[in-house]
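Hi,

Here's the structure I promised to pass along.

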Amino acid sequence: MAIKECCGCTACSSICPKDAITMVEDIEGFRYPNVNEDRCISCSVCIKTCPVIAREKSTIALNNIRAAYAMKHKDDTILMNSTSGGIFTALSDKILDKGGVIYGAAFDENMVVRHIRAVDSIGRDEMRGSKYVQSDIGGIFSLIRQDLQAGKCVLFTGTPCQIEGLKLFLKEKTDNLICVDLVCHGVPSPKILKDYFNLLERKAHSRITRYQFRPKRWTWHEHREIAFFENGKEQSTELWPSIYYSRLATRPSCHNCKFTNLNRPGDITIADCRGIDKIKPDFGSNEGVSLVLINTEKGKEALNAIKNEIILEEVDVNDVLQPPMKCSSTPNPRRDLFWNVYLDKGLQNALYAIWGRFYPLKNRIKKILGR
């Protein structure tokens, strides 16, 4: 397997019996495994644990989806504080009620997106909302193993490759684990996000203390974001969505993703339920609707446990099939130009090289005229 096919899930470094593998950041800000040959004993455990290699050997054309639903939480407050329909909150509440543990992506004190561990709703709420960047997994896989060995129920939410890596790391010891995979369009570089935050901070003359990738201030259908600053200011922006959807800064492996299909690694798959307004107009709303795919018996049981907290409608998955459930995203043809300018002259000049100096203004005018 070529190194650029690595998805960065950390399964190999987590399982190495000799701690011979560390995750090292490359010039684009993505982490890749680096092997200390002096420690390596050539046991091949890392190769057997790689989700990319495992998928290459399996039949990715399989469809393991048992049922598909459009869902939204009955609690309006939870619904408005979630990216889509609030299903993650409903699922995690049940795990917390059992004294279980929740793992998901959140911003840390340095505004870096990391997977964290939570045993209460305060920590769990930090995981709410989509994070449009690759999360730092760190040593989370080992913590999950410890929680499972202690008999705790665990809910893990992440990208499909992260979940497949976790399951291969744990092998068959997953009885108390529920995995929720996300329909993923690809993960941008954390390094680019950090520099993007630096741009916003320089303009605001203040440090970012909180960032919302998709608040519902403008309805669920519009992707605008908000940066909150230490000086009390806030700024709405559409620049990061432009970077994200342009695929200029996406991890190379995402353009040959083995998980952009209906063979889902999670017990449950969640996403925005795009298209719901057309197929079930009475169910669609500006507040958000989740697409929930049930892939295993464990997923079915988890859904049954939250049925009193949610409203749901069964849908045909083919009516709400999103591009990342059909094929990998294609790389932007100007990706090399973006990175060459970025590495030489920084993010602002890289964006100028791609879109011109007045891109934000032109984009705003185009949207106004479109309305």
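A quick word on naming before the rest: helices are DSSP runs of H or I with at least four residues, numbered from the N terminus. Also keep in mind that this is a predicted model.

With that numbering, A11 falls in helix α1. So does S13, with the helix covering residues 11-15. A11 is buried, at a relative accessible area of 1%, and S13 is buried too, at 15%; the cut-off for calling a residue buried is under 20%.

What does A11 touch, once residues up to four places away in sequence are set aside? The list is T49, F141, G165 and F169.

As for S13, its side chain reaches back to the backbone oxygen of T10 at 3.1 Å. Beyond its neighbours within four places in sequence, S13 is in contact with I21 and M23.

The other thing I looked at is a helix pair, α9 (residues 190-204) and α10 (residues 239-246). Their axes are 11 Å apart and the packing angle is about 160°. Angles over 145 degrees count as roughly antiparallel, so that is how α9 and α10 run relative to each other. Their crossing is right-handed.

On the residue level, α9 brings I192, L193 and Y196 to meet L239, W240 and I243 from α10. By class, that contact has six nonpolar residues, with no polar and no charged ones.

Cheers

Definitions and conventions:
Residues numbered from 1 in each chain as written. Predicted model: local features only at pLDDT ≥ 70, side-chain atom pairs only at ≥ 80, totals over all residues. Heavy atoms only, no water. Axes fitted to C-alpha atoms, helices over the stretch in contact; angles between N-to-C directions. Helix = DSSP H or I, 4+ residues; strand = E, 2+ residues; numbered from the N terminus. Parallel < 35°, antiparallel > 145°, perpendicular 65-115°, else oblique. Left-handed = near helix turned anticlockwise from the far one by under 90°. Contact = heavy atoms within 4.5 Å. Nonpolar A, V, L, I, M, F, W, Y, C, P; charged D, E, K, R; others polar. Buried < 20%, exposed > 50% of the residue type's maximum accessible area, 1.4 Å probe, protein only. Polar contact = N/O pair within 3.5 Å; in protein donor to acceptor, adjacent residues only side chain to side chain.
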